[in-house]
Amino acid sequence: NMLATTIGGRTFNNCMMNAAGVRCQNKRDLDALVQSDAGAYVTKSATPQKRAGNPSPRMHTLPHGSINSMGLPNNGLDYYLNYVIADQQKRPGTTNFLSVAGTSLADNLAMLHQIQASEYTGFVELNLSCPNVPGKPQVGYDFDRVHTVLDQVFEFYTKPLGVKLPPYFDLVHFDQIAAILNQYPLTFVNSINSIGNALVVDPQSEQVVIRPKGGYGGIGGASVKPTALANVRGLALRLKPEIAIVGTGGILNGVDVFEHILCGASMVQIGTQFGYEGIPLFDRLAKELTDIMKQKGYTSIDDFRGKLKTFD
Ligand SMILES: CC(C)(C)CCc1c(C(=O)O)[nH]c(=O)[nH]c1=O
């Protein structure tokens, strides 16, 4: 079919799925994604033990944007590992994504050892927006730390692995992160996570809109699309071809999916808009994208993936 895509030798019948953190924290949400037209699902980033996360209000979603400081609320790795293993037994031949976000290197390594030793055969998405040692920027913004983490992970981890990256805003940072990632047998890179530490103000109440961190939180939705496309394209131009790109950020409509693929994405993830619209989003986007492809004479996403033109 027209929306099929392949990553790491695994074929998905649809190049669209949810973004980690959105409607994927419990079995009920994940079952809804399994039943939907989404090509795959990713679970809420897991920590070794269950976490309640930050006090509410911790997320504020408007039609065209969201801000969140959830604080990694999740049911713990065992919950999600059990879910994905049960699912792969029920639906052999399907591939999904298990997201992990340890709050320390030790936690990440312990979780990856547990996954390595398990019968899970799907993808793992290692969230590099996870915190680093206090006083240091998040891992994704500490390039030496990224090296250290991936060195230690690939000492033992042999199953398909990708990393979820924060957005970068300097072309030299694209060069630096790509030079590091190209040294490892990564299956994919997912770009971008929410734009960190933004601030949304309610002018009527003269107050911030979320409780944690004095109102600071990660921003998603329409306003992040230009940054998301820049990161997808920046990585596509720099990463070795064996590393597929998952494009995330600012997808509301089929045309946004088209743009992410044009910039180099093999799979796209939808967060804010999926949170707002729910499961019907996937049917709507599939129809919109298919219509665009038909109008342009494309029969597969391979016909246009990464083929963004410049003026010269
Ligand atoms: C921001 C962290 C809490 C360190 C990781 C989890 C996460 C969260 C979250 O759980 O607050 N929200 C996001 O938009 N992206 C994330 O990667």
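Me: Where is Ile-192 in the chain?

Reply: Ile-192 sits in the loop between strand E9 (188–191) and strand E10 (195–199). Keep in mind that this is a predicted model.

Me: And the peptide bond from Ser-191 to Ile-192, cis or trans?

Reply: That bond, from Ser-191 to Ile-192, is cis, and its omega is near 10°. In general, most peptide bonds are trans.

Me: Which residues does the other cis bond, with omega about -5°, join?

Reply: Ser-56 and Pro-57 are joined by a cis peptide bond with omega of about -5°. Pro-57 belongs to the loop between H1 and strand E4 (59–62).

Me: Back to E10. What is the phi of Asn-197?

Reply: Asn-197 has a phi of about 55°, a positive value, although Asn-197 is not a glycine. Asn-197 is part of strand E10. Most residues other than glycine have a negative phi.

Me: OK, the ligand. Which residues surround it?

Reply: The surrounding residues are Lys-44, Asn-68, Ser-69, Met-70, Gly-71, Leu-72, Asn-127, Ser-129, Cys-130, Pro-131, Asn-193 and Ser-194.

Me: How does that shell divide into nonpolar, polar and charged?

Reply: The shell around the ligand has four nonpolar residues, seven polar ones and one charged one.

Me: What does Lys-44 do there, in terms of distance to the ligand?

Reply: An N or O atom in the Lys-44 side chain is 3.0 Å from an oxygen atom of the ligand.

Me: And Ser-194, how far is its polar side-chain atom from a ligand oxygen?

Reply: For Ser-194 the distance from a polar side-chain atom to an oxygen atom of the ligand is 2.8 Å. Leu-72 takes part through its backbone: a polar backbone atom of Leu-72 is 2.9 Å from an oxygen atom of the ligand.

Me: How much of the ligand does the protein bury?

Reply: The protein buries 77% of the 390 Å² that the ligand exposes when taken alone.

Me: Changing topic. How many cavities of 30 Å³ or more are there?

Reply: There is one cavity of 30 Å³ or more in the structure. The volume of the largest cavity is about 50 Å³.

Me: What lines the largest cavity?

Reply: Its lining consists of Arg-10, Tyr-41, Val-84, Asp-87, Gln-88, Thr-94, Thr-95, Asn-96, Tyr-120, Thr-121 and Gly-122. By class, that lining has three nonpolar, six polar and two charged residues.

Me: Which element gives the largest share of that lining?

Reply: Helix H2 (residues 77–90) gives the largest share, three residues.

Me: Last topic, the overall fold. How many helices and strands in the chain?

Reply: The chain has nine helices and 15 strands.

Me: Why call the chain as compact as a globular protein of that length?

Reply: Because its radius of gyration is 18 Å, close to the 20 Å that the globule rule gives for 312 residues. The C-alpha atoms fill a box of roughly 55 × 50 × 45 Å along the principal axes.

Technical notes. Residues are numbered from 1 along each chain as its sequence is written. This is a predicted model: local features need pLDDT of at least 70, side-chain atom pairs count only at pLDDT 80 or more; totals for chains, interfaces and linings use all residues. Side-chain values use heavy atoms; hydrogens and water are left out. A residue is near a molecule or strand if one of its heavy atoms lies within 4 Å of it. A polar contact is a pair of N or O atoms within 3.5 Å; within protein, one must be able to donate a hydrogen and the other to accept it, and residues adjacent in sequence count only if both atoms are side-chain atoms. Accessible areas come from the Shrake-Rupley method with a 1.4 Å probe; for residues, only the protein chains shown count as cover. Ala, Val, Leu, Ile, Met, Phe, Trp, Tyr, Cys and Pro count as nonpolar, Asp, Glu, Lys and Arg as charged, and the others, Gly among them, as polar. On a 1 Å grid over the protein atoms alone, a cavity is a set of points where a 1.4 Å probe fits but cannot get out, and a pocket is an open set with protein on both sides within 12 Å along at least five of seven lines; lining residues have an atom within 4 Å of a point. Grid points are joined across faces, edges and corners, and a volume is the space filled by probe spheres set on the points. Helices (H or I, at least four residues) and strands (E, at least two) are DSSP runs, numbered from the N terminus. The radius of gyration is taken over C-alpha atoms; the globule rule is 2.2 Å times the number of residues to the power 0.38.
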